[in-house]
Amino acid sequence: MSGCGKVKAWQVPLRLVTGAFILHSGMEKWDGPDEQAQGVHGMARQTFPSLENIDAPRFLKLLAAGEIALGAALLTPMVPTRLAGAALTGFAGSLMAVYAQTPGLRKEGSVWPTPDGIGVSKDSWLLAIGLALTLSPHQKHHKHLKRVKGHGGRHQHHCHHEQGGRPGRHGHLQQAKQVAQEAKEARRLAKRVKGLSQDGHSHQHSHRHGPGHTRKGCPAHD
């Protein structure tokens, strides 16, 4: 489940454990007996009255299908973490709503569960995990560009942060070094051209006045 911008290391256990648990729960409910369907449907109907229009066996099938899909999404690395986390948050939020509105699951005037509500109250952990995955920060991307310059076999490396297309601090330093190097090369080239020009003029002077003739004391240069 590794990969840049996909699943970070700290997210792996959260997605793996919750995904496997929810997937297994959905597969168990898929062929659940009528007693289980009636119990689950009756509890959910107290929180969501609109479920009265759906019979218990069908509701259990739909719930099982939803859990299987959610568990598979959490276990699939290609599914973005924020998307999987948002789905988990919605699912766990519904479970906590059932916990809050079903009589007998909470102690009177308290958020703490009764012995019968301990199993449902633990779904709060799923809600916390879903929120953690949903609110996880974006991973910073670094774009590394390497190119080889043919002259001198030198390597030039630029490192840019993909934040508004502007180079990072390392990129600015590399650019400054590049400018300094190019200026140095320009000065070296200018000196070389100047030297060649002086050599050419001396050679022309010797050709005109003889090989033993010097520029010093020559009337042509006075």
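User: In this predicted model, why is Lys61 called partly exposed?

Analyst: Lys61 has a relative accessible area of 33%.

User: What makes the contact of Lys61 with Asp31 a salt bridge?

Analyst: The closest N and O atoms of Lys61 and Asp31 are 3.8 Å apart, and the criterion requires a side-chain nitrogen of Lys or Arg within 4 Å of a carboxyl oxygen of Asp or Glu. Lys61 belongs to helix α3 and Asp31 to the loop between α1 and α2 (34-47), so the pair ties together parts 30 residues apart in sequence.

User: Is Asp31 buried or exposed?

Analyst: Asp31 is exposed, because its relative accessible area is 64% and the cut-off is over 50%.

User: Why do Glu67 and Lys29 count as buried?

Analyst: Buried means under 20%. Glu67 is at 5% relative accessibility and Lys29 at 13%, so both count as buried. Their side chains meet in a salt bridge of 3.4 Å, N to O.

User: Why are α4 and α6 called roughly antiparallel?

Analyst: Helix α4 (residues 81-101) and helix α6 (residues 123-134) pack at an angle of about 155°. Angles over 145 degrees count as roughly antiparallel, and the two helices are therefore placed in that class. Their axes are 7 Å apart, and the crossing is left-handed.

Definitions and conventions
Residues are numbered from 1 along each chain as its sequence is written. This is a predicted model: local features need pLDDT of at least 70, side-chain atom pairs count only at pLDDT 80 or more; totals for chains, interfaces and linings use all residues. Side-chain values use heavy atoms; hydrogens and water are left out. Buried means under 20% relative accessible area, exposed over 50%, partly exposed in between (1.4 Å probe, protein chains only). Helices (H or I, at least four residues) and strands (E, at least two) are DSSP runs, numbered from the N terminus. Axes are lines fitted to C-alpha atoms, for helices over the stretch in contact, and angles run from 0 to 180 degrees between N-to-C directions. Angles under 35 degrees count as roughly parallel, over 145 as roughly antiparallel, 65 to 115 as roughly perpendicular and the rest as oblique. A crossing is left-handed if the near helix is turned anticlockwise from the far one by less than a right angle, and right-handed if clockwise.
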